[in-house]
Amino acid sequence: MMRIGGHFHSDHPLEDAVACGARTAQFFLGDPQGWKGPVIPGGDPAAFGDAYAAADVDIYIHAPYVINVASTNNRIRIPSRKLLDQQLKAAAAIGAKGLIVHGGHVTGDIDPAQGVANWVKAVQQIERPLPMLIENTAGGNGAMARSLDAIARLWDAVSAAADGGGGEVGFCLDTCHANSAGIDLADAVDRVKAITGRIDLVHCNNSRDEFGSGADRHANFDAGTIDPQALLAVVRAAGAPVVCETPEPGLAADIAWLRDQT
């Protein structure tokens, strides 16, 4: 059975997951917009992870949005590496299946190749005690993982660096981000897999905005610009665990619909 669930923003994501029949629960270990290190609720990583295992709910941790290891700004890149390392260790301590991190970006007229080089250094320097899943993003001219060409450039470099050790690097496909980036969902899975060879997680989200808009605004399945059947087709083709990051209060209904259709 496909593992389907959601991103939960409350202080009790396990309770929320169980209440809506989710089999995956994604959440943050702290402030997604801050630089403070991760905090494990209750302070006992083993007990925390055991509770999810007993409920048959897989944990996925989303890294803070501020992390940008591609940046050429030392004040951003260096703290990003440190925080990413902390997040990976904390996620592993609670038995998470993966840590999701955005591809990041460079700014202004900086050559994206410099951002790729910074990613390579991060992969070489940071141990990965669980899979680190790079997520495609919706907009930005200097984005590392927006277009398929950009994803290919980043993936080729990062996967080669990861072959030197340190743990797995994987890929998370976000449907809203792909649609907003101008990637046709009809063959997105095949085209991404042709680049990465894998999709480890699907963020199944509708979009409030039109195809190619560059906007990252999620919508519930019945309220966005993407045909829900197109979202379902992506999930079926990917064959990977799913996290719905759609708005409350429709999240539970989205999870239930997707579960019933698969």
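1. **Basis.** This is a predicted model: local features need pLDDT of at least 70, side-chain atom pairs count only at pLDDT 80 or more, and totals for chains, interfaces and linings use all residues. Residues are numbered from 1 along each chain as its sequence is written, and side-chain values use heavy atoms, with hydrogens and water left out.

2. **Overall form.** The chain has nine helices and ten strands. These are DSSP runs numbered from the N terminus: helices are H or I with at least four residues, strands are E with at least two. A compact globule of 262 residues would have a radius of gyration near 18 Å; the chain has 17 Å, which agrees. That radius is taken over C-alpha atoms, and the globule rule is 2.2 Å times the number of residues to the power 0.38. The C-alpha atoms fill a box of roughly 45 × 45 × 30 Å along the principal axes.

3. Buried residues make up 53% of the 262 residues. Buried means under 20% relative accessible area, exposed over 50%, and partly exposed in between (1.4 Å probe, protein chains only). Among contacts with a separation of 6 or more, 75% come from residues 24 or more positions apart. Contact means heavy atoms within 4.5 Å.

4. **Helix H4.** H4 covers residues 112-125; at 1.5 Å a residue, its 14 residues should span 20 Å, and its end C-alpha atoms are 20 Å apart, which agrees. The expected span is 1.5 Å times one less than the number of residues. Its buried residues are Gly 115, Val 116, Asn 118, Trp 119, Val 120, Ala 122 and Val 123. They pack against helix H3 (74-93), strand E4 (98-102), strand E5 (132-135) and helix H5 (148-162). At the start of H4, a side-chain oxygen of Asp 111 reaches to within 2.9 Å of the backbone nitrogen of Ala 113.

5. **Met 144.** Met 144 lies in the loop between E5 and H5. At 1% relative accessibility, Met 144 counts as buried. Met 144 and Pro 112 are 32 residues apart in sequence, yet 7.0 Å apart in space, C-alpha to C-alpha. Leaving out residues up to four places away in sequence, Met 144 touches residues including Pro 112, Gly 115, Val 116, Trp 119, Ala 150, Ile 151 and Leu 154.

6. **Aromatic pairs.** Rings of Phe, Tyr and Trp (its six-membered ring) pair if their centres lie within 6.5 Å; planes under 30 degrees apart count as stacked, over 60 as edge-to-face and the rest as tilted. By this rule the count comes to six aromatic pairs. The rings of Phe 28 and Tyr 65 have centres 5.4 Å apart and planes at 75 degrees, so the pair is edge-to-face. Phe 28 lies in the loop between strand E2 (24-27) and helix H2 (45-54), and Tyr 65 in the loop between strand E3 (58-62) and H3, so the pair ties together parts 37 residues apart in sequence. Phe 28 is buried, with a relative accessible area of 16%. Tyr 65 is partly exposed at 37%. Trp 155 and Phe 171 have ring centres 6.4 Å apart and planes at 85 degrees, so this pair is also edge-to-face. Trp 155 sits in helix H5 and Phe 171 in strand E6 (residues 169-174), 16 residues apart. Ring pairs also link Phe 27, Phe 48 and Tyr 52 into a cluster.

7. **Leu 232.** Leu 232 lies in helix H8 (residues 228-238). Its relative accessible area is 1%, so Leu 232 is buried. Leu 232 and Leu 258 are 26 residues apart in sequence and 7.1 Å apart in space, C-alpha to C-alpha.

8. **Backbone points to check.** A cis peptide bond joins Glu 248 and Pro 249, with omega about 5 degrees. Pro 249 is found in the loop between strand E10 (242-244) and helix H9 (251-261). Asp 56 has phi near 60 degrees, a positive value in a residue other than glycine. Asp 56 lies in the loop between H2 and E3.

Technical notes. Polar contact = N/O pair within 3.5 Å; in protein donor to acceptor, adjacent residues only side chain to side chain.
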